[in-house]
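Me: I've got a model open and I'm new to this. Can you walk me through it?

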Amino acid sequence: MVGTEITGIKELTEIEGLNNAYVNGLVQTNNGSLEGKLDELRKLLGKSDDDPLRIVSVGAGAWGSVFAAMLQDAYGHLRDKVQIRIWRRAGRSVDRATAQHLFDVINSREDVLRRLIRRCAYLKYVEARLGDRTLYADEILKDGFCLNMIDTPICPLKVVTNLQEAVWDADIVINGLPSTETHEVFEEIGNYWKERITVPVIISLSKGIEAELEPEPHIITPTQMISRSTGIPMENILYLGGPNIASEIYNKEYANARICGAEKWRKPLAKFLRQPHFTVWDNGDLITHEVMGGLKNVYAIGAGMVASLTNESATSKSVYFAHCTSEMIFITHLLAKDPEKLAGPLLADTYVTLLKGRNAWYGQKLANGELTLDMGDSIKGKGMIQGVSAVKAFYELLSQSHLSILHPEEKKPVAPVELCPILKTLHKILISREVPSQAILQALRDETMNDPRDRIEMAQTNAFYRPSLLGQ
């Protein structure tokens, strides 16, 4: 028995050594370049030799957790130079069915099983499975399990449940919150930063928007919410987005993203965040990229409904895709001075969201009756479905009469939403609840609906740009 235990420890050491060589940002081959990138960023932030760079991710959804884990994998071994932690609210319990599933995931992965045994953490998952113990979301996150992504174990993270402790001295803050929670949490953070001398850098991952109708209707993005709540200037706030599925990125599927904001920060941060499997580009157009990240969530919900209602008919889904992309292009011309520059990123982000995103999943579950609107838009195991609030925001904004444009057939002024039948139908299904999910198919089959090409041509040949929509 003793011999078996000694052999097991030897095997464990060998396996963990191999894992560290792989997940820690290719430490063995790229240590120099990683440390060099970190040193460059530290210098830009004015860090002294004995003062570590402090990075904190606020919010522990799938993307926020994976983003923090990627940084931990890449730079966590440089403990004297950087500290990486993640904040999430305390007290969120894990139900027994999820605990059972977690136990199955752990036992299907030898590396994870051995890691938990070595950390003396395995027993609590056995007890939770039997119903003898309650697990908590912040507790399992420390072991490398995100509650919204339990099938994909990540690296263990330093988890802080006290928000003030997490952020008060942070140099870089990652916003992993949904747009609907960003204002509230960062308003609290702003109170903790009133006495700060240095100004932190904030990277927002949130893909969602809110609408304000006074004094003039306009969109509010998470980066703008953060600036308002904390007083941090917009030049220190950036947005990072792209066609990304969190679990696939952590499993090192090739991906790319774009970090948008002031040149002073976006270029060095793009370099710092770039990894062999994760390319990061940079761009100066922050707000419109951020808004486009929220727009595709709107139409992803409808795509999920169409997929479910037509038994995954490729033909029906392609009809929907033609109409929804024409509406997105139409809306983009209203929001952006140079909309063509956004076409590629918007379509790529839309494509991946339709394939595997949570908004499309939500639409499917609504249409097949597994979910109801009364359950809300925060779904266990998935997190916040940001497309729901985005439907409301875009509908409200594009319903404003003072934004009227000339209807191509009726030759009279109409609000822009009147030329977006998919958006109108999604609002009737999700927000006003006037019609069931099946109405999305009725909208597609309406013979009076214009050819999607006509909507695109109309947008391209008219001066549609409305800078007031983005508060400009």
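Me: How much of the protein is buried?
Reply: Buried residues make up 54% of the 472 residues. Buried means under 20% relative accessible area, exposed means over 50%, and partly exposed lies in between, with a 1.4 Å probe and protein chains only. One caution: this is a predicted model, where local features need pLDDT of at least 70, side-chain atom pairs count only at pLDDT 80 or more, and totals for chains, interfaces and linings use all residues. Residues are numbered from 1 along each chain as its sequence is written, and side-chain values use heavy atoms, with hydrogens and water left out.

Me: What radius of gyration does the protein have, and what would a compact globule have?
Reply: The protein has 24 Å. A compact globule with 472 residues would have a value near 23 Å, so the two agree. The radius is taken over C-alpha atoms, and the globule rule is 2.2 Å times the number of residues to the power 0.38. Along its principal axes, the C-alpha trace spans about 85 × 50 × 40 Å.

Me: How many helices and strands?
Reply: There are 20 helices and 16 strands. Both are DSSP runs numbered from the N terminus: helices are H or I with at least four residues, strands are E with at least two.

Me: What domains does UniProt list?
Reply: One is "Glycerol-3-phosphate dehydrogenase NAD-dependent N-terminal", which the unreviewed UniProt entry places at residues 157-257. Another, from an unreviewed UniProt entry, is "Glycerol-3-phosphate dehydrogenase NAD-dependent C-terminal", covering residues 285-440. UniProt positions are in the numbering used here, feature names are shortened, and annotations may be inferred rather than shown by experiment.

Me: Now helix H10. Why is it called largely enclosed?
Reply: Because 8 of its 9 residues, in the run 222-230, are buried. They are Pro222, Thr223, Gln224, Met225, Ile226, Ser227, Ser229 and Thr230.

Me: What follows H10?
Reply: Gly231 does. The phi of Gly231 is positive, near 80 degrees.

Me: Which residues have a positive phi without being glycine?
Reply: Lys252 is one of them, at about 65 degrees. Glu312 also has a positive phi of about 65 degrees. Most residues other than glycine have a negative phi, and most peptide bonds are trans.

Me: Where do Lys252 and Glu312 sit?
Reply: Lys252 lies in the loop between H11 and strand S11 (255-260). Glu312 is in the loop between helix H13 (286-309) and helix H14 (314-335). Lys252 counts as partly exposed, at 24% relative accessibility. Glu312 is partly exposed as well, at 42%.

Me: Where is the cis peptide bond?
Reply: It joins Glu214 and Pro215, with omega about -5 degrees. Pro215 sits in the loop between strand S8 (210-212) and strand S9 (218-220).

Me: Switching to Leu269. Buried or exposed?
Reply: Leu269 is buried, at 1% relative accessibility. Its place is in helix H12 (residues 263-273).

Me: What does Leu269 contact?
Reply: Leaving aside neighbours within four places in sequence, Leu269 is in contact with Leu41, Ile172, Val201, Ile203, Leu238 and Ile259. Contact means heavy atoms within 4.5 Å.

Me: And Arg85, buried or exposed?
Reply: Arg85 counts as buried, because its relative accessibility is 11%. It lies in strand S2 (residues 82-87). Not counting residues up to four places away in sequence, Arg85 touches several residues, including Arg54, Lys158, Glu165 and Asp169.

Me: Last one. What does Ser247 touch?
Reply: Met149 and Thr152, not counting residues up to four places away in sequence. Ser247 lies in helix H11 (residues 246-250). Ser247 is buried, with a relative accessible area of 16%.
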